[in-house]
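Here's a walk through one protein model, going from the whole fold down to a single strand. Keep the viewer open and follow along.

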Amino acid sequence: MADIVTDVLIIGTGPAGSATAALLSSQGVANMAVNRYRWLANTPRAHITNQRTMEVLRDLGREVEDEAYLHAAPQDLMGENVFCESLAGEEIGRMKSWGKHPLSRAEHILTSPCRMNDLPQTFMEPILFKTACARGTQSRMSTEYVSHEQDAQGVTTTLRDRLDGRTFTVRSKFLVGADGGNSLVAEHAGLPFEGRMGVGGSMNILFRADLSRYVAHRPSVLYWVMQPGADVGGIGMGLVRMVRPWNEWLIVWGYDINQPAPVVDEALATQVARQLVGDPDLQIELLSANTWTVNNMYATHMHKGRVFIMGDAAHRHPPSNGLGSNTSIQDGFNLAWKLGMVAKGQASPALLDTYSAERAPIAKQIVTRANQSIAEFGPIFEALGMDGGVDTDKIQRNMAARCDATPAAETQREALRRAIADKCYEFDAHGVEMNQRYRSSAIVTDGQPEPPFEKDPELHAQLTTWPGSRLPHAWVFDRQGREISTLDLCGRGQFTLLTGIGGEGWVEAAQRVGASLGLPIRAHVIGPRRAIEDHTGDWARAREIGDAGCILVRPDHHVCWRSAGLASDPEAEFGRVLTAILGR
Ligand code: FDA
């Protein structure tokens, strides 16, 4: 007999675990979250918070979304991505990043009701964790996962209270391993991985110092420093990373992974900070320092029976592209509603198989992208003649050569411009953030072929209602003329049907089928003199169906089916689709 019983036990209260707990509690699903430490993240770690993640927070409630903006550095302060000799030294180039370029900003505005921002993990985790606990999550800190055993009915997990050493068991319907890059849950479940851990060495130096004079006129979250040794290990180049504007910073500097990791004491931390800032007298208040390794590894399957892994437990990669906590939170958005519906008996356990089918390809994609971004610093070093050597005089000569009035120097300048511009694949990859399309049995095709991407799919978001895609955002209006995003019409743990005038038959079908399956379906008719109106026509242009057609949207905003027009028997058609998705 287990000591504690719950529906879902979550190991870890990082971005993945806390988001999942908050989503489950918002749906009224009993859950418990444990963390082996006394409290949440004690160093800032991930910062870049993309629009898709903000949509998850918005789904949790406008107060949750607003609290994130309150603590975040806004998008306007994020994007003058500087490449320099040092903060005080020569600027070598710059690229507008994270939606700073007006064309990119327009795409951001058109794609989502939410704004990208820079929110240190020390702020993100408490927002998610607080939301979870306030809504019903039982949490235990200083509590360590030890082992688990699963059977046909559930999972029995052994935990250890680290305060008194006592072990106890929790019986749950499901176990979620959100226990980070050294996941014991993944290991004990025997889940398969591809790739390698420890492909590069890096050190983090977190400190306080007012650096306004070097940065406030070119506001950015990332200042890339090119010095001898900057291409060794690490994340592609030396980095001075804004944590709080402009007096808290994180330096990331690489070391050779084939050598022992350096001991980053106050003396070394101060030396590296002075070197990258370019101020030999800089005084820093050192907050913390540690070494870490660059990983290139992802799970090819993310669950075994009743045990699931998510976040860094499933995808282990460098911070390049800022995808770490974003993807972790988005894993939770995919899984939480499925766990909830299966726990409540509204869906068959077969629905849970779609989690891995949908998210494992994303894990591979983002791990590959983040590691490729490190390699894509190479052409910048080449253009400057920095070939991995540490001969400072030679490097200075090569860097100076680009200033000459010679054809060779002009070629070098062009190569440098191109190499910096190509870093948009790391710093402005809006498509990577927004274009996730799912294929699984929780998506029912309408027979239409997948629309090809018209622009580079890594750089540009492309909105479509093709089943598997995230629902396009368009502003529609209530009867008072107030703006509402189409995404706001959906989500919050429920399926939603969107139709137009002439599609009322779909609404009746959804209500009847929902009632018979014990699963309320939300439905909106969008059109003139209806509760939701489309004054601008933006929704009509985005929806890719006729007025009497319909789009069925999952709780995680992904379209799972659409029909171009009204079916001859809408109830039979809707019933066929919904039972297939739910596996019933
Ligand atoms: P995360 O690692 O955040 O959380 C794991 C949770 O599981 C923690 O609560 C932990 O205590 C708990 N846990 C682990 N084992 C347990 C056990 N046996 N029992 C109980 N609890 C257990 N990313 C990025 O995009 N930019 C960046 O700059 C950085 N920098 C960075 C620095 C450092 C030092 C680290 C460790 C990580 C980063 N990252 C990062 C990565 C980023 O922080 C990461 O992608 C997310 O935190 C992943 O969130 P998860 O919730 O999956 O795991």
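**From the whole fold to one strand**

Residues 24 or more positions apart account for 72% of the contacts in the protein with a separation of 6 or more; a contact here means two C-beta atoms, placed from the backbone, within 7 Å. Before going on, some housekeeping: this is a predicted model, where local features need pLDDT of at least 70, side-chain atom pairs count only at pLDDT 80 or more, and totals for chains, interfaces and linings use all residues. Numbering starts from 1 along each chain as its sequence is written.

In terms of secondary structure, you're looking at 18 helices and 25 strands, which are DSSP runs numbered from the N terminus (H or I, at least four residues, for helices; E, at least two, for strands). The radius of gyration is 25 Å, close to the 25 Å that the globule rule gives for 584 residues, so the protein is as compact as a globular protein of that length. That radius is taken over C-alpha atoms, and the rule is 2.2 Å times the number of residues to the power 0.38. The C-alpha trace spans about 80 × 60 × 40 Å along its principal axes. Of the 584 residues, 51% count as buried, meaning that 20 or more other C-beta atoms, placed from the backbone, lie within 10 Å of the residue's own.

Now find the ligand. It is surrounded by 31 residues, and the closest are Gly 12, Gly 14, Gly 180, Gly 311 and Gly 324; to be near, a residue needs its C-beta atom, placed from the backbone, within 6 Å. Helix H1 (15-26), strand S9 (143-150) and helix H9 (324-343) each put at least two residues into this shell. By type, the shell holds 12 nonpolar, 14 polar and 5 charged residues.

Next, zoom in on an open sheet of 4 strands, ordered S23-S22-S24-S25 with mixed pairing; two strands pair if DSSP finds at least two bridges between them. S23 (522-526) and S25 are the edge strands, each pairing on one side only.

Which residues of S24 (550-553) are buried on its two faces? Cys 550 and Leu 552 are on one side, Ile 551 and Val 553 on the other. S24 runs antiparallel to S22 (496-500), joined by 4 bridges: Thr 499 partners Cys 550, and Thr 496 partners Val 553. S24 also pairs with S25 (559-563) in the antiparallel sense, again over 4 bridges, with Cys 550 opposite Ser 563. S24 and S25 make a hairpin with 5 residues between them, and His 557 in the turn has a positive phi of about 75°.

Technical notes
A residue is buried if 20 or more other C-beta atoms lie within 10 Å of its own, exposed if 12 or fewer, and partly exposed in between; C-beta atoms are placed from the backbone. Ala, Val, Leu, Ile, Met, Phe, Trp, Tyr, Cys and Pro count as nonpolar, Asp, Glu, Lys and Arg as charged, and the others, Gly among them, as polar.
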